Amino acid sequence: MEFKFSNFGLSSMLFIVVLAQLLFVAADNEVKGEKKMLTFKQGTNVELDCSKDPIANGVYVWKKDEQTLSNNDKIRIEMGKLFITKGTDDQAGNYTCNIKQDNKTVYTREFEVTTEPYAKLHKYVNVVEEEKLKIECTVYGKPTPHVQWKVNDTLYPASSGRVNLLEDTERKVPNAVLILDSAVRGDKGQYSCIAINPKNQLNMTADITVYVKGKFDALWPFLGIVAEVVILCAIILIYEKKRNNNAELEESDTDQSPDQKNTPDHGKDSVRHRK
């Protein structure tokens, strides 16, 4: 029994020594908390919180990309909490919460903040056969989203065959512009622009319907109108010609010479000459 008690007492003493060493190291060196990932939708409010971290009587210092932060129209700091109002891509980045004691950093927690990807397309586009089809996808997000296209159930993560994917030079987004140099009838259908957050694979899809018209499709309605005008003019000419002919016949029937008219006096003169 005494042997067991002695072992227990020795183990307790060793545990206390090790714990004291750990506390000494923790007090002398900076402790780092687990890094947190956070993704928000643009235009929404964001909250970063390290107030629950176990450091008493600490002074909180917040930084973004190594720049010390203070309150402004977008950011509000309340001790261990940082609030972002209606966040945009500009508010995405690497945030650090430093807790200091006696001007010495004793605790640090990092936050990697990204925005949800955003993609937008028009509802439809018309292109004439054999002309170039160009579709521009408006893409936002930080980090810059990866863009893929889906054309009638065929996925294009990069340029392939007739489908060329180019960079949006204004926003510096690769693959955001789709080009077909010469459209054909079979190119009609649904096209999808897929924007993907490379950090967590969150994605957003925008759709557009493509219509391909034949080269002479616009000519047929014009020819139909011309044919209608020609037929209408022909009908008018035929009608006018027929009416003029009827008028001439009526005039010829009523316009007789005086010598051919049978009057009562003319009959009497004939009788007198016979006597």
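Reader: How many aromatic pairs does the structure hold?
Author: The model is a predicted one. Ring centres must lie within 6.5 Å for two rings to pair. On that basis, the number of aromatic pairs in the structure is three.

Reader: What is the geometry of the pair formed by Tyr124 and Tyr211?
Author: The two ring centres of Tyr124 and Tyr211 lie 6.3 Å apart, with 70° between the planes. Planes over 60 degrees apart count as edge-to-face. The geometry of the Tyr124 and Tyr211 pair is therefore edge-to-face.

Reader: How many residues apart in sequence are the parts that this pair ties together?
Author: Tyr124 belongs to strand E11, residues 124-128, whereas Tyr211 belongs to strand E19. Because the partners sit in these two strands, the pair links parts whose separation in sequence is 87 residues.

Reader: Is Tyr124 buried or exposed?
Author: The relative accessible area of Tyr124 is 52%. Exposed means over 50%. Tyr124, by contrast, is exposed.

Reader: Which residue lies over the face of Phe83?
Author: A charge sits over a ring if NZ of Lys or CZ of Arg is within 6 Å of the ring centre and within 35 degrees of the ring normal. Over Phe83, the distance from the ring centre is 4.3 Å. The residue over the face of Phe83 is Arg76.

Reader: Which residues of the largest nonpolar core touch the most other members?
Author: The largest nonpolar core has 25 residues. Strands E12 (133-136), E14 (146-151), E17 (173-180), E18 (189-196) and E19 (203-213) each give two or more residues to this core. Apart from it lies another core of 17 residues, including Ile75, Tyr95, Val106 and Val113. In the largest core, the residues that touch the most other members are Leu121, Ile135, Trp149, Leu178, Tyr191 and Cys193.

Reader: In which strand is Lys150 found?
Author: Lys150 is partly exposed, with a relative accessible area of 34%. Leaving aside neighbours within four places in sequence, Lys150 is in contact with Leu155, Gln190, Tyr191 and Ser192. Thr205 is 55 residues from Lys150 in sequence and 9.7 Å away in space, C-alpha to C-alpha. The strand that holds Lys150 is E14.

Reader: With which side chain does the side chain of Asp187 make a polar contact?
Author: Asp187 lies in the loop between E17 and E18, and its relative accessible area of 8% makes it buried. Not counting residues up to four places away in sequence, Asp187 touches Asn152, Arg162, Leu180, Ser182, Val210 and Val212. At 2.8 Å, the polar contact of the Asp187 side chain is with that of Arg162.

Reader: How far apart in space are Thr114 and Ala92, C-alpha to C-alpha?
Author: Thr114 is found in strand E9, residues 104-115, and is buried, with a relative accessible area of 2%. Among the residues Thr114 touches, not counting those up to four places away in sequence, are Leu38, Phe40, Ala92, Pro143 and Asn200. Thr114 and Ala92 are 22 residues apart in sequence, and their C-alpha to C-alpha distance is 5.0 Å.

Reader: What percentage of the residues of the chain count as buried?
Author: The secondary structure of the chain comprises three helices and 19 strands. The chain exposes about 19,800 Å², of which carbon and sulfur atoms supply 55%. Buried means under 20% relative accessible area. Of the 275 residues of the chain, the buried share is 27%.

How values were computed: Residues are numbered from 1 along each chain as its sequence is written. This is a predicted model: local features need pLDDT of at least 70, side-chain atom pairs count only at pLDDT 80 or more; totals for chains, interfaces and linings use all residues. Side-chain values use heavy atoms; hydrogens and water are left out. Helices (H or I, at least four residues) and strands (E, at least two) are DSSP runs, numbered from the N terminus. Buried means under 20% relative accessible area, exposed over 50%, partly exposed in between (1.4 Å probe, protein chains only). Accessible areas come from the Shrake-Rupley method with a 1.4 Å probe; for residues, only the protein chains shown count as cover. A nonpolar core is a set of buried Ala, Val, Leu, Ile, Met, Phe, Trp, Tyr and Cys residues joined through side-chain atoms within 4.5 Å. Rings of Phe, Tyr and Trp (its six-membered ring) pair if their centres lie within 6.5 Å; planes under 30 degrees apart count as stacked, over 60 as edge-to-face and the rest as tilted. Contact means heavy atoms within 4.5 Å. A polar contact is a pair of N or O atoms within 3.5 Å; within protein, one must be able to donate a hydrogen and the other to accept it, and residues adjacent in sequence count only if both atoms are side-chain atoms.
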